[in-house]
Amino acid sequence: MFTVYVASRDELRNALTVAVKNIPEAILNGSSSDLRQALEECAAEVPGVLLIDDALLAQNIGLFEKVAEVPYPVVVLAAPADAQAARRALTIRAKDFISLDRWAEDLGPILSRVAVPIQGETREDGRVLVVFSSKGGVGKTTIAVNLAIGLAKASHQPVAIMDLDIQFGDVAPMVGDAPLVTLYDLVKSGAPVDAEMLKRALKRVANNVYMLAAPENPEEADDVRAEHIVQILQLLRETHAYVVVDTAPGYTDVNVAAFDFADTILTACTPDVVTLRTVGQALQVFYDGFHYPKDKVRIVLNRSGSRTGVETADIAQVLQSPIAYQLPSDGAFPVRAANEGHPLLLQFPDSALSRAIYSMASELVRETQGRSRQESKKTSAKRTLFARLTGRKPKEV
Ligand SMILES: Nc1ncnc2c1ncn2[C@@H]1O[C@H](COP(=O)(O)OP(=O)(O)OP(=O)(O)O)[C@@H](O)[C@H]1O
Ligand SMILES: [Mg+2]
């Protein structure tokens, strides 16, 4: 999978963006008919490849130097026998060249070859983090949404957030989105989940963050089965560095499928006796019932430091587990952010909870990146722009 940004004159923009969306392994990051704006957006969220229409280049000679220095590959779309266009493409150090007269056929193969894949060169499966609690209302969705954003910010890699609160999911409203396609659309036929459909169902909700929304109506949840969850998580982790799953309380088949699949289960609790009692029982199920390794399940203490009369040290003792992450109470900020449909970490990045979630995300990224990574295999022959323009044979790299 790779991401694409399209910078093109208005007349072509729609056709190009539709064509990019139809390339199976491509995700459209954005498009603009203003080259300066395109470069700004690509600086904020680096694409796997930038496609530039030569008509924009011809109008923006002053930007050539800037384009030549971008850290991602650039492909130019231009008329085939236009010597000036070829010179412009060379000046901006484009990696390849697509002929205007046959762009519909060449677009997919050329972008696929040139683009940097989503997970850099490793293509290692992403890390699946399930946010769970045996109790409702402890902050699962707040943690899941903002953790996904924090992970994307800290890692500069794509992150998926999947809403597995299948009856009353509220990830979409928390990010200000009313999705057209949900988990239900992926599973309703009963057939195995299709990778293409999943790609279309993912909605970009922030830089590098892609959401799979929960079904819209509670009755649609009946059609979601455990095997769907396994299929979806497998596909999501192939294309995202991190997959964050929000859940509803309970040991339903669907939840258990996600727990089994998870690399890490973040069990949220708050410092009150009733919640701690149920969380203690949940931990027993994880350890004694499911025999998960100790490190798979981590405690996240939300609203830590609230004056509830229950001390943090006592909580670790009662749960017989260390508290891995502590998140402070943040007054009205989380509610205000949710009401406005703009995630806390973007709306109030300096609030106490935002800072704590970002530091938790950074810690998880450091830990993940510290794990051994597969050697990338660069086997494909690449053709340079020069070779394509001059018709020389591909050069092995
Ligand atoms: N650390 C915090 N400080 C202040 N408010 C918080 C904090 N964490 C969560 N909240 C608020 O608590 C409420 C419940 O949070 P949230 O919806 O994330 O919980 P949940 O566990 O997902 O609930 P449910 O079980 O209903 O899905 C929300 O209004 C949220 O804004
Ligand atoms: Mg929730």
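**Exercise 1. Which strands form the open sheet with parallel pairing, and in what order?**

The model is predicted, so to speak of local features requires pLDDT of at least 70, side-chain atom pairs count only at pLDDT 80 or more, and totals for chains, interfaces and linings use all residues. Residues are numbered from 1 along each chain as its sequence is written, chains are lettered from A and ligands numbered from 1 in the order in which they are written, and side-chain values use heavy atoms, with hydrogens and water left out.

Step 1. Helices (H or I, at least four residues) and strands (E, at least two) are DSSP runs, numbered from the N terminus. Two strands pair if DSSP finds at least two bridges between them.

Step 2. The order is β2-β1-β3-β4-β5, an open sheet of 5 strands with parallel pairing. Its edges are β2 and β5 (96-99); each has a single partner strand, so one side of each lacks a neighbour in the sheet.

Step 3. On average, neighbouring strands of this sheet are turned by 25° against each other, direction ignored. Such angles run from 0 to 180 degrees between N-to-C directions, and axes are lines fitted to C-alpha atoms, for helices over the stretch in contact.

**Exercise 2. Determine the bridges that join β1 to strand β2 and to strand β3, and follow the pairing on to strand β4**.

Step 1. Between β1 and β2 (residues 26-32) there are 6 bridges, and the two strands run parallel. Opposite Phe 2 stands Ala 26 of β2.

Step 2. Ala 7 has Ile 52 of β3 as its bridge partner.

Step 3. From β3, 4 bridges lead in the parallel sense to β4 (residues 74-78). Here Ile 52 is partnered by Val 76.

Step 4. Two helices pack on the sheet. Helix α2 (residues 35-44) touches β1, β2 and β3, and its direction makes about 160° with that of β1; contact means heavy atoms within 4.5 Å. Helix α6 (residues 103-114) touches β1, β3, β4 and β5, at about 165° to the direction of β5.

**Exercise 3. Which residues of β1 point one way, and which the other way?**

Step 1. Phe 2, Val 4 and Val 6 form one set, and Thr 3, Tyr 5 and Ala 7 form the other.

Step 2. Strand β1 (residues 2-7) is mostly covered, with 6 of its 6 residues buried. Buried means under 20% relative accessible area, exposed over 50%, and partly exposed in between (1.4 Å probe, protein chains only).

**Exercise 4. Describe the open sheet of 8 strands and the helices lying across its strands**.

Step 1. The strand order is β8-β9-β7-β10-β6-β11-β12-β13, and the pairing is mixed. At the edges stand β8 (203-206) and β13 (323-328), each with a single partner strand, so one side of each has no neighbour in the sheet.

Step 2. Within this sheet, β7 (residues 159-164) and β10 (residues 242-247) run parallel and are joined by 6 bridges. Met 162 has Val 245 of β10 as its bridge partner.

Step 3. Helix α11 (residues 226-239) lies across β6 (127-132), β7, β9 (209-212) and β10, at about 165° to β7. Helix α14 (residues 312-319) lies across β11 (264-269), β12 (297-304) and β13, at about 140° to β13.

**Exercise 5. At what angle do the axes of α11 and helix α12 cross?**

Step 1. The axes cross at roughly 35° and come within 8 Å, α12 comprising residues 253-261.

Step 2. Residues of α11 in this contact include Ile 229, Val 230 and Leu 233, and those of α12 include Val 254, Ala 257 and Phe 261.

**Exercise 6. Is Ala 262 buried or exposed?**

Step 1. Ala 262 lies in the loop between α12 and β11. With a relative accessible area of 6%, Ala 262 is buried.

Step 2. Leaving aside residues up to four places away in sequence, Ala 262 touches Val 128, Val 130 and Lys 296.

Step 3. Leu 180 has 84% relative accessibility and counts as exposed.
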